[in-house]
Amino acid sequence: MNDSDKSITRRSFFEKSVACIVGAGAGLAVTARDPLAQTGGNPQEQPPVPAADKPNIKEYRRLGRTGWKVSDISFGNAGMQTPELLEYAIERGINYVDTARQYYDMEKVIGQIFPAKRDKLFVATKLEPELFTPETTMEQITTAIDESLQRLNTDYVDCCQIHSVGDPNLGDKARIENKNIYEAFAKAKQAGKIRFWGASSHGPKMVEDFNWLIDNTDVDLIMPGMNYLSRGLEPVIEKARAKDIAVVAMKSLSAARKIDYSEFMQEGRTVRQALLKWMLAYANVDTISLTTRTFEEVDEFVAASGQKQLSPKEQKALNKYGMLLDKEYCRPGCAGCLGSCPKNVPIHDILRYSLYFNSYQREKYAIERYASLPASRNASQCAGCAGPCTSSCPYNIPVRNKLVKAHIELTV
Ligand code: SF4
Ligand code: SF4
């Protein structure tokens, strides 16, 4: 997308956002709690000011054909240390939680607040990415759903997802063309175990696989990686919207986890809030799922709810942010360099693990994911290579250098 296209899209986002849903909460009982009770026993995590002064969700959007009204900011629990954090988010008005079987014991942590808080949350989980192959049976999928229900301490999930479609590391499109998947989901719906099903992706074939799912299945929800720096997703999102398929954005803070600008602080906001406002202006996104690790992050993210207009200062800082990361950030859904590598190194995955390591405080996860790659396909292969991947990247990212650095960081 060139600059002029981008400005047109941005304008249309704002125009559409005027008509977007301003919903009431889905029956949320938002109650003030003693802040000291929210600490989970860790004084470091006490909210610094009384709960009455805390930000609350200001906008609920219709989650496509599910009909749910969900908070425009939602809770990704990949880094959650304690269930009290999710309870605190519920008090701030968040009513959508995203988790996955792959996130260690995160389903179980959510399950600790059930059954008491079950009716306050739309719960979306993802089955293991490796479960989905051309040979996967209905029984295997049903068993995986049952395991997630048990881990979540509930008898239904609101949305069960295929984790990571569009990832060539996991196989080609044959893995999602397996009819057993959709028959198993239909059966689970009939049994009341799942209410809806969907698919998530930030992989190189994301657009291709989402298009296939939208054209060939009754998918209820898609969860694409998308943010200020990603490109080319609008057509598939508009196609999903035309079929009333829910759209949940992820990876929306891209590499902004550790970045801040003093000029934002003068306005009392952070660059992450400006990035969220930029995303919230896009009415075709129903909610933004954000990995949330601290009480302060809950407040920071919730404070952006309902806001879509960037101040000139915020826009200026986002421009700077974009320039800073333009040659650093590997875009979700891009496959530009993959065909250039003679060793079939999963470049996009390794750069993402590096991001988890450096910016998301998910060091253990990053190291484990990297260790799961065979040595014949990890970045040790880059040492003696001229690096054709670098010249293949349309964003001029110094791919080879970043891979060499990632190998050093992620090898223990
Ligand atoms: S530098 Fe590494 S990723 Fe790039 S082409 Fe060579 S082996 Fe492949
Ligand atoms: S390194 Fe560049 S070309 Fe390769 S996947 Fe990332 S953004 Fe695309």
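**Grounds for the labels**

Modeller: Let me begin with strand β5 (residues 122-127), which is mostly covered, six of its six residues being buried. Please keep in mind throughout that this is a predicted model.

Biologist: What makes both faces of β5 count as covered?

Modeller: In a regular strand the side chains alternate between the two faces of the sheet. In β5, Phe 122, Ala 124 and Lys 126 lie on one side and Val 123, Thr 125 and Leu 127 on the other, and all of these are buried. Buried here requires 20 or more other C-beta atoms within 10 Å of the residue's own, so both faces of β5 are called covered.

Biologist: How do you know that β4 and β5 pair?

Modeller: Pairing requires at least two bridges between two strands, and β4 and β5 have three bridges in the parallel sense, so they qualify as a pair. As for individual residues, the bridge partner of Val 97 is Val 123 in β5.

Biologist: Which strands make up the closed barrel, and in what order do they run?

Modeller: The barrel has eight strands, running β3-β4-β5-β6-β7-β8-β9-β10 with parallel pairing. Neighbouring strands of this sheet are turned against each other by 30 degrees on average, direction ignored. Between β3 and strand β10 (residues 287-291) there are four parallel bridges, which meets the requirement of at least two, so these strands also count as paired. In β10, Leu 290 stands opposite Phe 75.

Biologist: Why is helix α2 (residues 83-91) called mostly covered?

Modeller: Seven of the nine residues of α2 are buried, namely Glu 84, Leu 85, Leu 86, Tyr 88, Ala 89, Ile 90 and Glu 91. These buried residues pack against β3 (73-76), β4 (96-98), α3 (106-111) and α10 (295-302). After α2 comes Gly 93, with a positive phi near 110 degrees.

Biologist: Why is Glu 363 called partly exposed?

Modeller: Glu 363 has 15 C-beta neighbours inside 10 Å, whereas buried would need 20 or more and exposed 12 or fewer, so the residue falls in between. Glu 363 is found in helix α13 (residues 363-371), and its C-alpha atom is separated by 8.5 Å from that of Tyr 353, 10 residues apart along the chain.

Biologist: Which residues come closest to ligand 1, and what classes make up the shell around it?

Modeller: There are 14 residues around ligand 1, and the closest are Cys 341, Val 345, Cys 382, Cys 385 and Cys 389. Two or more residues of this shell come from each of α14 (388-392) and α15 (399-410), and α15 gives the largest share, three residues. By class, the shell around ligand 1 has nine nonpolar, three polar and two charged residues.

Biologist: Which residues come nearest to ligand 2?

Modeller: Of the 14 residues around ligand 2, the nearest are Cys 330, Cys 334, Gly 336, Cys 337 and Cys 393. The shell around ligand 2 divides into 10 nonpolar, three polar and one charged residues.

Biologist: How confident is the predictor in the protein, and where is the pLDDT below 50?

Modeller: The mean pLDDT is 86, and 85% of the residues reach 70 or more. Over residues 1-48, however, the pLDDT is below 50, and beyond near neighbours in sequence this stretch has 63 contacts in the model.

Terms used: Residues numbered from 1 in each chain as written. Chains lettered and ligands numbered in written order. Predicted model: local features only at pLDDT ≥ 70, side-chain atom pairs only at ≥ 80, totals over all residues. Near = placed C-beta within 6 Å. Nonpolar A, V, L, I, M, F, W, Y, C, P; charged D, E, K, R; others polar. Contact = placed C-beta atoms within 7 Å. Axes fitted to C-alpha atoms, helices over the stretch in contact; angles between N-to-C directions. pLDDT = per-residue confidence, 0-100.
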